[in-house]
Each structure stands twice: as structure tokens, then as C-alpha cells.
Amino acid sequence: MSIKTYIRENRESFLAEWFEWLRIPSVSSQQAHRADMQTCAAYVRDMLLASGADRAEVMPTAGHPVVYGERMFSPDAPTVLVYGHYDVMPPEPLELWQSDPFEPAIRDGAVWARGADDDKGQLMIQLKGFQTALREGLVSCNVKFIVEGEEEIGSIHLEPFCEAHRDLLKADVILVSDTSMYSEDVPSLTTGLRGLSYWEIEVTGPNRDLHSGHFGGAVANPVNVLCRLLADVTDGNGRMTIPHFYDDVQELSPEEKKMIAQAPFDEAKYRQAIGVDALFGEAGYSTPERNSCRPSFDVCGIWGGYTGEGAKTVLPSKAYAKVSCRLVPHQDAARITQLFIDHLTAVAPDCVKLQVTHCHSGQAYVCPMDLPAYRAAERAFTVAFGKKPLAMRRGGSIPIVPAFERILGIKTVLMGFGLERHAIHSPNENFGLERFYTGIEAVAEFYGIWK
């Protein structure tokens, strides 16, 4: 029986198993779903066993549990470690969903549900790709699985888990399906991820909200000060003004610039899709370069003063913001975190008090394209999708990937199957059925190629 035949004959059972998983509201960030997290972890364990693992267990952490599974052939055989996560983002706002986020529905050739892509759909591709390859006699390597329940809240307890279980997780390469492809018609493999630093800022002025008529013009307004501080972090050319910020930035090689330029990019469609009339970014770089290979700074949220209905003429006591930087090789997240804090502290005026709190960070990651497992994935995608995948860096961050390399000494191959239109983290998340089955084929082909 061929890979395609096995997948075709098991489409309904794969779908039923996937749907049952999607029905579990495994929202890691909400206390009300703690029991659902336990239920979901047990379901993942059972799926691992059903897919062909000869060992699977739910392992506790200080937070939500980790699920570990394995199928071992020989101590001398190479080992693949598959990573994924079973937790999902909150579904709110519920009124924007076209159907119940935890009752999967099929519409327009896609499955619609929270987690349909991120990451239950993509991890299911890995599980069923492994199952398919196993049934077809294509698996000769050892295969391990680590599935966490805290990715959407920063993988808080996964690094300590990896530190404590180095021997258990020993492998030659990691496979991750939690990234996206370039487009529907252009398959791609992710060769790099940006890093991240994230801060919360608090600016305090007077000891209480003041009457803006009595005090306006005589006392510094914290909201005004905060806006000015944040506006000055970048210049008119979209570059960071923080001293030494670019010291370690790895510039794109001519080969990388050529590869990025080969990818089809329609700026008009890009602008139309997000509803803007013009684009803006660091001068001297194309849009695909800016959103994948260059660092960036963004204000993710800002608030202060009166924001209720009607007017209230106050000079607020406090102002707040949440801000982030996306980082690139070879910027060190810890160094950038401190550079940002030091810079804002130095330029803040004496008329306010400034507090900058580091929330979390992660390193950038690059996968070598000459890695044997990458080459195997490239060939597997070529077979499944009918064309060679582009090698593309992506602008997002998966902090645990560089942590895997630091703790376990293992490189990761990013075999993502998502698309921008899948609306991860948003209402009406979805995943195309044909892409789901083609992804399973690609994973099965990988095991037949990587020996």
C-alpha cells in the first residue's frame, strides 16, 4: 500500500480523532480550564499510543503537564524528537466566530475551530504522518515526542523540564510543525525565526490625577512623556535609535537577498489584505526582508488617564505601555533587554518616575540548510506538494526552539504547514483539509528519506 493510499483510506478516522481533540477547550491561560488541560494531556497520550508509540505518559510540571512518547527501534539508530503543544489561545471575542470555536465545523474545504492550525492541526499532521510511515514500513529511526501545554503562555516550565530530562530527550534532530508556508501555491520551509524581547513600562507623574485646567502646562503629563519616549525609540527611517542596538545584527548575504527576492510578493495584495494604503519600515530593505530578517520595535499596547464615555478633563497620574522588539541573528536577547532599559532610563526626564519591567524574551534561530534532516524535509515537501519548497525566514518567534539548542544541543527543522489566512490566535481559526492530508504525506515521506 502506498502513502497516498493509506492516507486516503484513513481520512475519516484521522478527521474523527482530530475533531475529538479540538473539542477539548485547552486554554492554558485561564484558570477555569485547568481540568480541561489535564483531559487534553491524557488525550494526547492516548493519541500517541494509537499512532504507534510503544510508550507514552503524562508527566507533571509545576504548571500544566508535558506529554512524552516514544517508538524505539535500536539504541544505535538516529533519533527524531517531535515537538508540539496542546494548549490554545482563548477564543474571545466569541461573537465574531461564525460557529462554536470548540465544536469543529467543515466549511469551504476547511476545518474551523480554535486550535485547528495552532497547534492541534499541525501536531496531528506529525502524529498521523508518523503513523502512516510506520504502517508503510518507512520508519527505521527512533522517534520521540514532547508535547507541552504552556506554549501560548511562554513555555514557562518547559525549559526546567528539558534540563531535568536531558537523557530522556536525547536525539539527533527536532521536528516542529508550528510555523507557516509562504502561500497556498508556494510551499516553503522556515529556515529562521526572529527572537523577542518584551517589556512593560510605567510612567508616574503627580501623586493623583489632576485638574487639567488648574495644572495643565505646569506639571508633566505622564501620557505625553510616555508617547514622546516611545516615538523617539525609532527615527524617521524606521531604525532604532538605541546606542549599540545594531552591533551584532547579521546582515543578509547576497545569496539570502536573492532567495527572498525569488519569492512572489505582491505589495498591492499585501496592503489590501491588511487594509492599509501604504507600507512603512526600515529604509533600504524590501518588505519581505523587513518582516523576517530585520529587527523591529512595536508598541503593543498603551493606556492611561480617562478612557470612558464622555469628557473628563484630567492630567493623569500614570501612563503605561507594553512594547516589544523582534530580534535577529546574532542579537542576544538579554543584552538587548538591558540596552533598552538603560536607554529609556537615561533619556527619561526628571519630571516623571520611570519603571521598565522585563516580561520575557527569546533568542533568534537559524536552521542550516545543509543539515541532513533539512535536506530530507526539502525532498519530502517536493514529493508531497509537487514542487521544491522555498527556504524562508519568518518574522515570528518560538523561544523554545533556541532553548532546545542551548539545553539539548540539537538543531530544529521547522516543517510548518500553516497559512496566513488560517487566522491563528484570531476568531474563525481554520485549516484546509487538503493541506492537512498533504502535510501528513510530507511527514511520512520524511521518514522514508531521513535514515
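Colleague: Before we look at the sheets in this predicted model, what has to be found for two strands to pair?

Modeller: Two strands pair if DSSP finds at least two bridges between them. With that in hand, look at the open sheet of three strands, in the order S4-S5-S18, where the pairing is antiparallel.

Colleague: Which are the edge strands there?

Modeller: Strand S4 (105-107) and strand S18 (430-432) are the edges, since each pairs on one side only. From one strand to the next, the twist averages 30°.

Colleague: Over how many bridges do S5 and S18 pair?

Modeller: Strand S5 (residues 110-112) meets S18 over three bridges, in the antiparallel sense.

Colleague: Let's turn to strand S6. Why is S6 described as largely enclosed by the rest of the structure?

Modeller: The idea is to check burial residue by residue, with buried meaning under 20% relative accessible area. In S6 (residues 142-148), seven of the seven residues are buried, so the strand is largely enclosed by the rest of the structure. Both faces are covered: Asn 142, Lys 144, Ile 146 and Glu 148 lie on one side, with Val 143, Phe 145 and Val 147 on the other.

Colleague: Which strands pair with S6, and is each pairing parallel or antiparallel?

Modeller: Strand S2 (residues 66-71) pairs with S6 in the antiparallel sense over five bridges, and Glu 70 has Lys 144 as its bridge partner in S6. Strand S3 (residues 79-85) pairs with S6 in the parallel sense over seven bridges. There, the bridge partner of Gly 84 is Val 147.

Colleague: Now the nonpolar cores. Which residues touch the most other members of the largest one?

Modeller: That core has 92 residues, and Trp 21, Val 413, Met 415, Phe 446 and Tyr 447 touch the most other members. Helix H14 (residues 433-449) gives the largest share, nine residues.

Colleague: What is Val 413 in contact with, beyond its neighbours within four places in sequence?

Modeller: Leaving those neighbours aside, the contacts of Val 413 include Val 173, Ile 174, Leu 175 and Val 176, along with Cys 367, Leu 371, Ala 373, Tyr 374 and Ala 377. There is also a second, separate core of 29 residues, with Ile 242, Val 249, Ala 333 and Ile 341 among them.

Definitions and conventions:
Residues numbered from 1 in each chain as written. Predicted model: local features only at pLDDT ≥ 70, side-chain atom pairs only at ≥ 80, totals over all residues. Heavy atoms only, no water. Buried < 20%, exposed > 50% of the residue type's maximum accessible area, 1.4 Å probe, protein only. Helix = DSSP H or I, 4+ residues; strand = E, 2+ residues; numbered from the N terminus. Axes fitted to C-alpha atoms, helices over the stretch in contact; angles between N-to-C directions. Core = buried A, V, L, I, M, F, W, Y, C linked by side-chain atoms within 4.5 Å. Contact = heavy atoms within 4.5 Å.
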